[in-house]
Amino acid sequence: LPHSLLLLLTMARRGLVPAVVGAGATALLASSGPSFAAPRAADATAKVQSVAASAADSAPTPLGFATVASAAVAAAGLAATRRGSRVAASRADTSRVVCAAGSVGKKRCLVMGGTRFIGCYLVAKLREQGHDVVVCNRGKTNGGKPEPLPGVSDAEHQKMLEGVSVLVADRKDPAALKAALAGAGKFDIVFDNNVRKLNEVQPLVEGVQSTGGCEQFILMSSAGVYGPTDVLPLSEENPGDPNSRHKEKLQCEQYLDSQGLNWTSIRPVYIYGPLNYNPVERYFFDRVTRGRPVCIPYDGKYITQLGHCEDLADFMIKCIGNPAVKGQVYNISSEEYVTFDGMAKLCAQAAGMAEPQIVHYDPKSVEVPDGFPKAFPFRGMHFFASIEKAKRDVPDWMPKFSMLEGLRSSYQQDYLARGFDKQQPDFRTDELILSKTMSAA
């Protein structure tokens with residue numbers, strides 16, 4: 001069987017193929033798997049992640065890459081009506097600070113970084129739960145404090161910051177970091193959001209241990225640690241890739257375990273949402289809002305996965321005080337999968353634009369010069385993971401955002417709000433790709 005069909009059959013056997021969309025389909029077929037619910041027919045068009053390829057696409061492409069024959073895979077975690085209510089509740093919660101701590105009691109939390117993107121959402125959610133927060137960073141951005149979340153007033157932001165203090169230290173200076181931590185007092189919970197290397201987490205742990213240790217240590221890793229596999233979606237049991245640029249995050253997990261800490265490692269796939277400093281969804285918005293072609297490598301049918309920043313931060317705080325997460329790793333993302341082509345179409349829909357013109361190309365035929373923008377934000381492979389383990393061990397957590405809902409929030413609350421639509425993106429790499437494809441044609 002072609003690789004794409006083997007992929008779908010494998011997922012079906014594992015109960016992880018919730019929907020198959022034929023060419024021109026306007027509704028999703030409900031999965032027989034117990035973990036998914038079919039969306040309402042009225043919402044079905046919004047769930048279509050990519051129009052299926054023709055039957056001829058079931059054969060391997062000339063480039064030798066697997067395609068998904070006559071189907072596009074999308075996971076619809078809960079019915080759209082339920083998910084919409086969860087999103088509304090989540091947005092309502094971001095504007096208030098709860099004075100009383102939750103069931104786990106008030107904790108003193110250390111957040112490494114904390115000035116942008118995920119750190120901002122995490123700190124806000126910790127404050128909603130009534131916890132005290134210390135952010136540790138160089139103090140160069142926003143005076144070391146988190147930037148305001150979209151839709152939060154200045155008064156609400158200042159109220160949230162009343163329980164936030166800054167510990168100024170550069171983690172790339174191990175001695176200075178350990179000294180700062182030694183004088184900062186004991187922390188109950190440590191969130192290490194920006195570690196990349198083993199020699200960065202070691203002084204952090206030593207500094208925390210010098211004041212009596214911590215109750216929990218939550219590490220931000222990446223699904224990029226996994227090695228190549230023919231069995232998808234990725235699970236936490238997949239072996240690590242010794243050649244991955246994230247390989248030292250695996251070593252960090254091993255180190256935390258060797259120190260006898262109550263640790264948990266979180267492995268997101270791609271993260272998106274308002275305040276994202278990586279041009280993930282912005283890559284597509286830059287093009288669809290300006291009526292430009294979207295250059296997509298290969299045949300556009302590779303499947304990937306994105307998780308919303310609020311859903312990630314929500315999982316992180318729900319690990320606090322949960323004994324089930326001790327010594328465990330978790331994939332975190334959305335319940336939906338999307339093709340490269342489908343991502344371009346969803347971003348156009350989220351922005352209220354017409355369906356984009358998509359230009360496929362062979363990345364091996366285009367040499368991007370130094371100093372040019374990155375050609376495409378996703379790796380050229382199927383890259384998506386199961387989040388069933390996270391939902392099992394943290395049963396009160398589930399992604400609130402569908403892909404379309406999340407992309408709409410990114411477009412309205414970030415892309416437009418921060419004026420990216422008024423800026424002039426650098427399209428030099430696009431022009432290079434388009435000239436190559438036109439000459440080849």
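A disulfide is taken here as a pair of cysteine sulfur atoms within 2.5 Å. By this rule the count in the structure is zero.

The model is predicted: local features need pLDDT of at least 70, side-chain atom pairs count only at pLDDT 80 or more, and totals for chains, interfaces and linings use all residues. Residues are numbered from 1 along each chain as its sequence is written, and side-chain values use heavy atoms, with hydrogens and water left out.

The chain has 441 residues, and buried residues make up 56% of them. Its secondary structure consists of 14 helices and 13 strands, which are DSSP runs numbered from the N terminus (helices: H or I, at least four residues; strands: E, at least two). A contact means heavy atoms within 4.5 Å. Among contacts in the chain with a separation of 6 or more, 82% are between residues 24 or more positions apart. The accessible surface of the chain is about 18,300 Å², and carbon and sulfur atoms hold 51% of this surface; such areas come from the Shrake-Rupley method with a 1.4 Å probe, and for residues only the protein chains shown count as cover.

Phe117 is found in the loop between strand S1 (108–112) and H4. Most residues other than glycine have a negative phi, and most peptide bonds are trans. Phe117 is not a glycine, yet its phi is positive, about 45 degrees. With 4% relative accessibility, Phe117 counts as buried. The buried residues of H4 include the charged Lys125, Arg127 and Glu128. After H4 comes Gly130, which has a positive phi near 90 degrees. Further along, Pro233 sits in the loop between strand S5 (216–220) and helix H8 (247–258), and a cis peptide bond with omega of about 5 degrees joins Leu232 to Pro233.

Strand S6 (residues 263–268) and strand S11 run parallel and are joined by five bridges; strands pair if DSSP finds at least two bridges between them. Within this pairing, Thr264 stands opposite Gln328 in S11. S11 spans residues 328–332 and is mostly covered, with four of its five residues buried.

The next topic is the nonpolar cores. A nonpolar core is a set of buried Ala, Val, Leu, Ile, Met, Phe, Trp, Tyr and Cys residues joined through side-chain atoms within 4.5 Å. The largest has 49 residues, of which Phe284, Phe285, Leu306, Met343, Phe378 and Leu407 touch the most other members. Elements that give two or more residues to this core include strand S7 (270–272), helix H9 (281–288), helix H11 (340–350) and helix H13 (403–416). H11 gives the most, with seven residues. A second, separate core of 38 residues includes Ile118, Tyr121, Leu126 and Ile218.

Leu306 has contacts beyond its neighbours within four places in sequence, among them Tyr270, Tyr272, Met343 and Phe378. H11 has nine of its 11 residues buried, so this helix is largely enclosed by the rest of the structure. The buried residues of H11 include Phe340, Met343, Leu346 and Cys347. Just after H11, Gly352 takes a positive phi of about 75 degrees. Leu275, in the loop between S7 and H9, is not a glycine but has a positive phi of about 80 degrees. Leu275 is buried, at 7% relative accessible area.

A pair of aromatic rings is described by the distance of the centres and the angle of the planes. Rings of Phe, Tyr and Trp (its six-membered ring) pair if their centres lie within 6.5 Å; planes under 30 degrees apart count as stacked, over 60 as edge-to-face and the rest as tilted. The whole structure holds 19 aromatic pairs. One of them is Tyr283 with Phe284, an edge-to-face pair with 5.1 Å centre to centre and 80 degrees between the planes. Tyr283 counts as buried at 6% relative accessibility, and Phe284 counts as buried at 0%. The rings of Tyr298 and Tyr302 have centres 5.4 Å apart and planes at 85 degrees, so this pair is edge-to-face. Both Tyr298 and Tyr302 are buried.

Definitions and conventions: Buried < 20%, exposed > 50% of the residue type's maximum accessible area, 1.4 Å probe, protein only.
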